[in-house]
Amino acid sequence: MNIVVDLNRCQGYAQCAFLAPQVFEMHGEEALMYLPVPPEDQLERVRRAAAACPVQAILVGEEAGADVR
Ligand code: SF4
């Protein structure tokens, strides 16, 4: 399972870093670092983070696959 964060869309609200700190991490005010292939045991948290992102910048699984270049 892979994820993609649309960093153009991401506004650095850090909801994801709060909900899944092992996968998403804020560096400074707006720079988001994340694991493109999160561990399986983090998937539930990742889904919650994706649902909570105010700008729907987090794409999970099939959504992310369609977006990979
Ligand atoms: S919750 Fe969404 S907007 Fe906020 S830091 Fe995460 S990806 Fe970016």
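Read along the sequence, the secondary structure elements follow the order β-α-β-β-α-β-α in this predicted model. The protein contains 3 helices and 4 strands.

The overall dimensions were examined next. The C-alpha trace spans about 30 × 25 × 20 Å along its principal axes. The radius of gyration is 11 Å. A compact globule of 69 residues would have a value near 11 Å, so the protein agrees with that expectation. Of the 69 residues, 35% are buried. Among contacts with a separation of 6 or more, 62% join residues 24 or more positions apart.

The ligand sits in the largest cavity.

Glu 40 was examined individually. This residue is found in the loop between strand S3 and helix H2. Strand S3 covers residues 31-34, and helix H2 covers residues 43-52. The relative accessible area of Glu 40 is 58%. Exposed residues are those over 50%, and Glu 40 is therefore classed as exposed. Along the chain, Glu 40 and Met 1 are 39 residues apart.

Conventions. Residues numbered from 1 in each chain as written. Predicted model: local features only at pLDDT ≥ 70, side-chain atom pairs only at ≥ 80, totals over all residues. Heavy atoms only, no water. 1 Å grid on protein atoms, 1.4 Å probe; cavity = no way out; pocket = protein on both sides within 12 Å on 5 of 7 lines; lining within 4 Å. Sits in = over half its atoms within 2 Å of the grid points. Helix = DSSP H or I, 4+ residues; strand = E, 2+ residues; numbered from the N terminus. Buried < 20%, exposed > 50% of the residue type's maximum accessible area, 1.4 Å probe, protein only. Rg over C-alpha atoms; globule rule 2.2 N^0.38 Å. Contact = heavy atoms within 4.5 Å.
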